[in-house]
Amino acid sequence: MNKANNFQRIRELSYVQKAALAGAVLERMLPNYGLFTEATGFGDETVLRSVLNVCWEKLMLPKSKISLEKQVEKVEPLVPELIDFDMFGTYLAIDTATALLGFMHGMMAKDDQEFVSIAKISQATVARYIEFLLESEGVEPDNKLVREHPLMQYEIEVLGELIDFVEQNGRVTPESVRELKALAVADGQTNIGLELN
């Protein structure tokens, strides 16, 4: 499965399917933010976790009175500034919070492009992490090395499996969402391969 193929497949999903897939991708990114918070004391993963839960709820119950605007207000102050933290994890935290904000903006504006972007942000996070790893080994990263790296291959493969699940299930139901969320974290690691305890 190549990644262009994955993005094409995402574009062919329905609005709700794209949203569910984006939520699943976020489930894999979210713990990266928690690791950043542990290391720096900045931010609060529990807030992002509860906001993502609210988004899932809104997705399942579109007519509910949940205010996503209020959720956006909770997340915005938790996006770290690169200049404030001299560590690689800052990028991971920014990517996660940005993707979560994009998820909400997509739901508020009914703009499914935002949902496609979340898979791209996740892949960009993985690419940046691979570059960081290669550089720390003294290797000059290039597109080929990044693309062929096991972490990127795995990211593409997992995204493909999540798309398979969404395609095969057709309608998005509370039950299929539960299964999709479980599938997203079944391997016990984040999108960059960090173990979840």
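Helix α2 is kinked by about 35 degrees at R28, shortly before the proline P31; the bend at a residue is the angle between axes fitted to the seven residues ending there and the seven starting there. The model is predicted: local features need pLDDT of at least 70 and side-chain atom pairs pLDDT 80 or more, while totals for chains, interfaces and linings use all residues. Residues are numbered from 1 along each chain as its sequence is written, and side-chain values use heavy atoms, without hydrogens and water.

**Helix α2**
- Helices are DSSP runs of H or I with at least four residues, numbered from the N terminus.
- Because 20 of its 26 residues are buried, α2 is largely enclosed by the rest of the structure (buried is under 20% relative accessible area, exposed over 50%, partly exposed in between, with a 1.4 Å probe and protein chains only).
- G41 follows α2 and has a positive phi, near 80 degrees.

**Salt bridges**
- The structure contains seven salt bridges (a side-chain nitrogen of Lys or Arg within 4 Å of a carboxyl oxygen of Asp or Glu).
- E27 and R49 are joined at 2.8 Å, N to O; the pair links helix α2 to helix α3 (residues 45–60) across 22 residues.
- E27 is buried at 8% relative accessibility, whereas R49 is partly exposed at 26%.
- R28, the site of the kink, bridges to D187 at 3.0 Å, N to O; D187 lies in the segment after α9 (174–184), 159 residues from R28.
- R28 is buried, with a relative accessible area of 4%, and D187 is partly exposed at 26%.
- In the bridge between R128 and D95, the closest N and O atoms are 3.8 Å apart; R128 belongs to helix α6 (residues 113–136) and D95 to helix α5 (residues 89–109).

**Aromatic rings**
- There are ten aromatic pairs (Phe, Tyr and Trp rings, Trp by its six-membered ring, with centres within 6.5 Å; planes under 30 degrees apart are stacked, over 60 edge-to-face, the rest tilted).
- One aromatic cluster consists of Y33, F36, F42 and F85.
- The charged end of K120 sits over the ring of F7, 5.4 Å from its centre (NZ of Lys or CZ of Arg within 6 Å of the ring centre and within 35 degrees of the ring normal).

Note on methods
Helix = DSSP H or I, 4+ residues; strand = E, 2+ residues; numbered from the N terminus.
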